[in-house]
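Trainee: Could you walk me through this model, one question at a time?
Mentor: Gladly! Let's look at it together first.

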Amino acid sequence: MSSYRIAIIPGDGVGNEVASEATKILRAIAEKHGFNVETENFNWGCDYYLKNGMMMPKNALEILQEFDAIFLGCIGDANKVPDHISITLLLTIRKGFDQYINLRPIKLYPGVESPVKTATPETVDMVVIRENTEGEYSATGGFFKLGSPDAFAIQTGIFTQKGCERVIRYAFELARKRKKFGDKAPVGMVTNCTKSNALNYSMVFWDSVYQKVAKEYLDIRTDMAMVDALTMWFVKNPGYFDVIVASNLFGDIITDLGSMLQGGMGFAAGGNINPEKIYPSMFEPIHGSAPKYAGKAIVNPIASIESIRMMLDHLGEEQAALDIQRAVVKTLALGKVKTPDMGGTNKTHEVGDAIRRAIINKTPNSC
Ligand code: IPM
Ligand code: MN
């Protein structure tokens with residue numbers, strides 16, 4: 001029997017509530033599909049910081065290294081710890097474990113309403129591949145002459161050949177696997193999200209790597225959009241997109257817009273992936289910690305449950321992953337159990353329970 005050790009970091013704000021739904025689904029699916037899951041919770045985050053002066057222990061990466069994957073609820077509570085400090089937990093894990101792919105599927109499930117008029121289940125089915133370890137978030141720069149009228153700050157983006165190439169290649173491989181356009185070439189498309197008209201070093205370099213990699217994938221259509229225009233096209237014609245590859249900052253921004261196409265932050269899941277599996281990968285809902293909603297059991301757990309689906313897919317439990325998706329789709333299509341963001345009055349755990357029931361009551365491939 002396959003066996004997986006999963007680290008759970010609930011984090012701050014609503015993290016506990018969504019992590020317990022994620023864990024509930026993980027247990028149910030493991031039991032049904034006959035694999036073993038051992039979870040261990042780590043109460044790291046802002047409260048840990050207030051007690052210990054750090055967001056997680058110094059040997060956190062050593063501890064996490066022993067696990068097959070990590071689930072992260074959400075991090076941050078500005079009333080306790082400034083945001084630029086609390087996010088170090090997330091960034092340390094992403095960089096420390098070389099999770100250089102940030103995988104963010106954007107799909108609108110039937111029964112979910114998007115605030116964007118053009119978004120329908122037929123039009124919204126794309127994936128953003130965001131570079132996750134370098135670029136604009138390289139934390140390189142400094143403050144100078146602070147306190148004087150000549151004060152200034154420098155923030156440098158780092159774009160390496162290796163860093164750009166591996167993420168762009170991943171995007172092309174994914175398009176080949178997705179086959180959004182069918183079996184005949186071009187089977188898919190990778191849109192290069194860029195800004196090389198204004199960022200005349202970093203993005204010109206990024207574009208050149210994109211063009212070099214594209215030559216190896218003649219079965220995939222190439223495409224390019226400036227990030228500003230791309231936000232417009234996301235809204236105007238979401239059905240146009242298949243796979244989008246973007247730098248760290250641009251990917252961050254366009255996936256928040258993407259979450260609205262898929263019905264809101266309550267549905268948006270992400271994976272921080274180390275494709276070589278040298279280190280554990282980390283899966284998380286991309287919504288924030290919403291401290292004002294903490295303890296009210298009103299947030300949508302679907303983004304977290306979808307993160308578990310992505311985790312199982314990464315671990316090679318594809319059937320179990322599909323089964324979670326089937327249960328989510330079925331629950332949403334029935335439309336009986338909804339948290340307030342979906343226009344309902346149900347609690348977080350009631351949505352989790354409904355999806356759990358949909359998992360245990362049906363065989364893997366039936367709807
Ligand atoms: C996200 C978040 C993080 C990011 C923040 C909290 C550092 O916005 O996962 O999209 O920008 O990566
Ligand atoms: Mn973000």
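**Salt bridges**

Trainee: How many salt bridges does the structure hold?
Mentor: A salt bridge here is a side-chain nitrogen of Lys or Arg within 4 Å of a carboxyl oxygen of Asp or Glu. Counted that way, the number of salt bridges in the structure is 19.

Trainee: What should I keep in mind before we go on?
Mentor: This is a predicted model, where local features need pLDDT of at least 70, side-chain atom pairs count only at pLDDT 80 or more, and totals for chains, interfaces and linings use all residues. Residues are numbered from 1 along each chain as its sequence is written, chains are lettered from A and ligands numbered from 1 in the order in which they are written, and side-chain values use heavy atoms, leaving out hydrogens and water.

Trainee: How many residues apart are lysine 24 and aspartate 353?
Mentor: Their side chains meet in a salt bridge, 2.5 Å from N to O. Lysine 24 is in helix α1 and aspartate 353 in helix α12, so the pair links distant parts of the chain; helices (H or I, at least four residues) and strands (E, at least two) are DSSP runs, numbered from the N terminus.

Trainee: Is arginine 130 buried or exposed?
Mentor: Accessible areas come from the Shrake-Rupley method with a 1.4 Å probe, and for residues only the protein chains shown count as cover. Buried means under 20% relative accessible area, exposed over 50%, and partly exposed in between (1.4 Å probe, protein chains only). Because its relative accessible area is 1%, arginine 130 is buried.

Trainee: Where is aspartate 219, which pairs with arginine 176?
Mentor: Their side chains meet in a salt bridge of 2.9 Å, N to O. Arginine 176 is in helix α6, 43 residues from its partner; aspartate 219 is in the loop between α7 (202-214) and β9 (220-226).

Trainee: Which residues touch the most other members of the largest nonpolar core?
Mentor: A nonpolar core is a set of buried Ala, Val, Leu, Ile, Met, Phe, Trp, Tyr and Cys residues joined through side-chain atoms within 4.5 Å. The largest core has 82 residues. Apart from it lies another, of 20 residues, including Leu64 and Ile70. In the largest core, the members that touch the most others are Ile129, Ile168 and Leu312.

Trainee: Which residues does isoleucine 168 touch?
Mentor: Contact means heavy atoms within 4.5 Å. Leaving aside residues up to four places away in sequence, isoleucine 168 touches Trp206, Val209, Tyr210, Val213 and Val245.

Trainee: Which residues make the nonpolar surface patch?
Mentor: Patches are made of residues with over 30% relative accessible area and no salt bridge; like charges are joined within 9 Å, nonpolar side chains (Val, Leu, Ile, Met, Phe, Trp, Tyr) within 5 Å. Isoleucine 154, in strand β7 (residues 152-158), is partly exposed at 41%. The patch covers about 250 Å² and is made by Phe144, Phe152 and Ile154.

Trainee: How far does helix α11 reach from its first C-alpha to its last?
Mentor: The expected span of a helix is 1.5 Å times one less than its number of residues. For α11 (residues 318-334), with 17 residues, 24 Å is expected, and the model is close to that: it reaches 24 Å.

Trainee: Which elements cover the buried residues of α11?
Mentor: The buried residues of α11 include Ala320, Asp323 and Leu332. Their cover includes α1 (15-33), β4 (101-107), α10 (302-315) and α12 (348-360).

Trainee: Which peptide bond is cis, with omega near -5°?
Mentor: Most peptide bonds are trans. Look in the loop between α6 (161-178) and β8 (188-194), the place of proline 186. The cis bond runs from alanine 185 to proline 186.

Trainee: What is phi of lysine 179 near?
Mentor: Most residues other than glycine have a negative phi. Lysine 179, in the loop between α6 and β8, has a positive value, near 50°.
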